[in-house]
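Visitor: I would like to learn how to read a structure like this one, feature by feature. Could you take me through it slowly?

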Amino acid sequence: MSSIWEYANPRRFMATSAKLLPWAVGLAAICLIGGLVWGFFFTPNDFRQGATVKIIYIHVPTAIMAINAWFMMLVCSLIWLIRRHHVSALAAKAAAPVGMVFTLIALFTGAVWGQPMWGTWWEWDPRLTSFLILFLFYLGYMALWEAIENPDQAADLTSVLCLVGSVFALLSRYALVFWNQGLHQGTTVSTVGVGVEENEGVSSIFLYPMLTSLAGFVFLFVALVLFRTRTEIRARRLKALIAQEQMA
Amino acid sequence: MIGLLKRDLALAVRAGGGFGLSLAFFLIFTALVPFGIGPETGRLAEIAAGLLWLGALLACLLSLDRIFQLDWEDGSLDLLATSPLPLEALAALKALAHWITTGLPLVVAAPLLGLILNLPGPAYVPLLASLLAGTPALSAIGTFGAALTVGIKRGGLLLSLLVLPLYVPTLLFGAMAATRGAQGLDFTTPLLLTLGITLGAIALLPFAAAASLRINLR
């Protein structure tokens, strides 16, 4: 029986990911283009927010993926710390810049959306501020990876940082809620159809293209992480080869 | 353990630089504030409590890279690691020594500096209480950050980048307790939450710091 841990073997991972990568890229392209075109051109404008509502097809999926990317890094860090699978540590390293960029996109589109809606680019609101802090966590994590030369040591230390950072990210999230009641609306995607009032939750006209675009961003994340992990593995093999040559 | 604590304290006081430096920084920070935002007493009084918290946090941050760096450079950290004392206890002791030499003087100095910022009278007790409750968390978090970056040359800036986001919840609740107190509102909830963060940090972070030290000393 094959177990999931066999993918911790870099060779096995490379073989499987080579097969998976085109699928992930293709699905990402199809879902992203489909969802975004559907969203931008074939949905009506919102009766209150006008055309600006269309930014949700980018803003909401990237925000969701920004948090999930950190969660994925947390899981990978735990696997590395407990079972010491190199691919896991490299996947966490590969995911960090992707998550960072998603956070940045969510912050930026949020600012662009917030300007016409709330009349301000930035507000010290719990959601916005916790995303800024998440962005700082990504920066610190990446900086620590860059600062340490020994790869195993770097993987260990960044994993510990990721663990502690997750706890503090959660803590600041709830701390911020106490601090200031927000301007940002609550989660509306999961309340579709559950809302007692009609205008609660996202209308299904907007929801389906957004879910398509979300799937697109998920596949995009998977494709980018697979691609970057493969690059990391190759870079490490190259390093080993060069070291071997110098020894000989 | 007591001996180690005494050694750290003596080193901090005698070796120069470490002990008074963050206090001096705190003083200068506070003295610069009126230049930056204007000396009107009303406006100063409004933000004094939050500013003092911010100043204390930055002063604390400045002294973090001294926690392990000197011991690392002269090799005594290796000796301490091989001693029968567990590394977790070492990390906790280092955090305690850092708090005694940095956090505690800042707490003591805060009321005096509150005076020059026109901190309103009823604000002193909540400010002192929140600083007393919060600064140990700053030391514990900082010790973890210092343990992470101990092997890195010129890790000071990296240390700030790593530690500052971790400081957010402590600063938030601590400053909230102080400002609520300054406005004459009830400040027990944020104070208790600050205390909760401190207790959690003291209980858990020495383990993370010890793990990082072990990796760095390997």
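Visitor: Is A:F40 buried, partly exposed or exposed?

Guide: Before the answer, note that this is a predicted model, in which local features need pLDDT of at least 70, side-chain atom pairs count only at pLDDT 80 or more, and totals for chains, interfaces and linings use all residues. Residues are numbered from 1 along each chain as its sequence is written, chains are lettered from A and ligands numbered from 1 in the order in which they are written, and side-chain values use heavy atoms, with hydrogens and water left out. Buried means under 20% relative accessible area, exposed over 50%, and partly exposed in between, with a 1.4 Å probe and protein chains only. A:F40 has a relative accessibility of 32%, so it counts as partly exposed, whereas A:Y57, at 0%, is buried.

Visitor: How many aromatic pairs are found over all chains?

Guide: A pair of aromatic rings is described by the distance of the centres and the angle of the planes. Rings of Phe, Tyr and Trp (its six-membered ring) pair if their centres lie within 6.5 Å, and planes under 30 degrees apart count as stacked, over 60 as edge-to-face and the rest as tilted. A search of the whole structure gives 7 such pairs. In one of them, A:F40 and A:Y57 have ring centres 6.1 Å apart and planes at 85 degrees, so the pair is edge-to-face. This pair links distant parts of the chain, 17 residues apart, with A:F40 in helix α1 (residues 10-41) and A:Y57 in helix α2 (residues 56-83) of chain A; helices here are DSSP runs of H or I with at least four residues, numbered from the N terminus.

Visitor: Which parts of chain A does the pair of A:W70 and A:Y138 tie together?

Guide: The ring centres of A:W70 and A:Y138 are 5.2 Å apart with planes at 75 degrees, so this pair is edge-to-face. A:W70 lies in helix α2 and A:Y138 in helix α4 (residues 126-147) of chain A, so the pair ties together parts that are 68 residues apart in sequence.

Visitor: Which residues does A:S166 touch?

Guide: Contact means heavy atoms within 4.5 Å. Leaving out residues up to four places away in sequence, A:S166 touches A:W70 and A:L74. A:S166 itself sits in helix α5 (residues 151-179) of chain A and is buried, with a relative accessible area of 13%.

Key
Helices (H or I, at least four residues) and strands (E, at least two) are DSSP runs, numbered from the N terminus.
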